[in-house]
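Biologist: Thanks for making time today! Could you walk me through this model, one topic at a time?

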Amino acid sequence: MKLSRFQRIALSAFVAIEILIFVGAIVRTTGSGLGCPDWPFCYGCWVPPTTAEEIDLTKLDLEKFRLKAAAMGRDPASITPEKLKAEFNPVATWIEYLNRLTSIPVGLSVMVMWFASIFEWRKDRSVIWLTSTFAVILVGVNAWLGARVVLSGLKPGIITLHMALAILLLCVLVYTAWRGTERPWSLAWKAEPDSKLRWLAWALFALIVAEGVLGSQVRELTDELARTHAGHTRAEWVHELESSWVYLVHRSFSWLILFSGIAFFRRCRALAHRGWLEITITAIIISQMLLGVVLANVGILAIAQILHVGLSSLLVSALFLWLLGSRWVRRANS
């Protein structure tokens with residue numbers, strides 16, 4: 001399948017956001033979300049320091065730091081220049097700084113896509129301009145939320161909304177890239193499109209999105225454990241998580257998604273041409289299940305958390321693309 005120029009532009013925006021999601025997962029897993037405790041600067045500078053001695057205290061707005069400390073349940077009076085220097089962590093600071101740098105290609109690629117969509121309007125594809133405009137708005141809102149995440153001291157609800165909007169943005173970009181050509185890609189059905197298979201796919205999609213929201217809530221629980229159980233191993237966190245209904249429902253949902261995914265794959269084999277997309281969707285579902293088993297039985301391993309978050313965004317995108325392509329008819333032998 002040859003991509004049009006506009007589709008390549010939209011795909012580059014999608015890839016930039018996927019990279020940002022993976023980097024964001026690294027930030028949260030390593031607890032580096034407050035590595036740069038101010039915004040838009042990092043310790044008062046565009047390029048952060050590498051040692052505590054390089055921090056210029058005259059550039060810091062201590063009032064903002066104290067407000068953030070209060071939001072995190074700390075005594076604002078305890079925030080002093082000396083305390084900030086003592087708590088400086090260069091690794092966390094530069095991980096968060098990398099996260100901010102990774103967001104720059106996202107904004108640039110989405111704006112390039114928006115400008116390119118103007119020419120798509122002239123080709124009677126005005127919906128492309130509308131979805132591209134929506135993508136620009138979502139990027140702007142999520143950038144603002146990213147600042148709120150920092151300034152609120154990693155407030156849980158804002159973090160979940162931040163991730164949810166990122167997933168919504170991916171779906172918008174998938175649709176924009178798919179629709180950005182004269183003949184959008186379609187699934188190769190062996191006969192006519194099967195409504196039961198499409199309903200199964202939509203149900204699977206809804207389950208995966210719900211699982212993603214619950215997963216974000218679980219991530220917030222692990223963030224809290226990272227603060228309150230700093231002296232404990234990650235393997236011990238699982239016992240704490242098992243006392244939460246959110247974690248238990250999240251774990252149970254994974255089995256439902258696995259069985260639904262297998263049913264989806266088997267029905268695809270019978271009614272549609274089994275291609276790379278169906279195999280990719282099934283492989284990611286199985287991989288996510290294996291990662292979940294590791295997290296539940298071995299411990300909250302950092303690498304498993306990062307892959308778990310990143311693959312979930314890819315799974316939503318791949319299944320959404322399948323749903324778009326399943327709307328149209330293309331014979332398997334054509």
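Biologist: How much space lies in the second largest pocket?
Modeller: Happy to start there, and note that this is a predicted model, where local features need pLDDT of at least 70, side-chain atom pairs count only at pLDDT 80 or more, and totals for chains, interfaces and linings use all residues. Residues are numbered from 1 along each chain as its sequence is written, and side-chain values use heavy atoms, with hydrogens and water left out. On a 1 Å grid over the protein atoms alone, a pocket is an open set of points where a 1.4 Å probe fits, with protein on both sides within 12 Å along at least five of seven lines. Taking volume as the space filled by probe spheres set on points joined across faces, edges and corners, the second largest pocket holds about 480 Å³.

Biologist: Which elements give two or more residues to the lining of that second largest pocket?
Modeller: Lining residues have an atom within 4 Å of a point. There are 17 of them here, and Leu 11, Phe 14, Val 174, Trp 276 and Leu 321 are the closest to the centre. With helices taken as DSSP runs of H or I with at least four residues, and strands as runs of E with at least two, numbered from the N terminus, the contributors of two or more are helix 1, helix 6 (156–179), helix 10 (276–297) and helix 11 (302–325).

Biologist: And in what order do the elements of the protein chain run from the N terminus?
Modeller: The secondary structure comes to 11 helices and two strands. Read from the N terminus, the order is α-α-α-α-α-α-β-α-α-α-α-α-β.

Biologist: Which side chains meet in a salt bridge?
Modeller: A salt bridge needs a side-chain nitrogen of Lys or Arg within 4 Å of a carboxyl oxygen of Asp or Glu, and the structure holds one. Both partners lie in helix 4 (residues 90–122), four residues apart, about one turn of the helix. At 3.2 Å from N to O, they are Glu 96 and Arg 100.

Biologist: How many disulfides does the count come to?
Modeller: The rule asks for a pair of cysteine sulfur atoms within 2.5 Å. Cys 171 counts as buried at 11%, and Cys 268 is buried at 1%. By this rule, the number of disulfides is zero.

Biologist: What separates the C-alpha atoms of Ser 216 and Val 309?
Modeller: Ser 216 is found in helix 7 (residues 195–228), and its relative accessible area of 5% makes it buried. Val 309 is 93 residues apart from Ser 216 along the chain, and their C-alpha atoms are separated by 8.7 Å.

Biologist: Where does Val 47 lie?
Modeller: Val 47 is exposed, with a relative accessible area of 52%. Together with Phe 41, Trp 46 and Trp 94, Val 47 forms a nonpolar surface patch of about 430 Å² accessible area. Val 47 lies in the loop between helix 1 (5–29) and helix 2 (62–71).

Key. Patch = residues over 30% accessible without salt bridge, like charges linked within 9 Å, V, L, I, M, F, W, Y side chains within 5 Å. Areas by Shrake-Rupley, 256 points an atom, 1.4 Å probe, with all protein chains shown as cover. Buried < 20%, exposed > 50% of the residue type's maximum accessible area, 1.4 Å probe, protein only.
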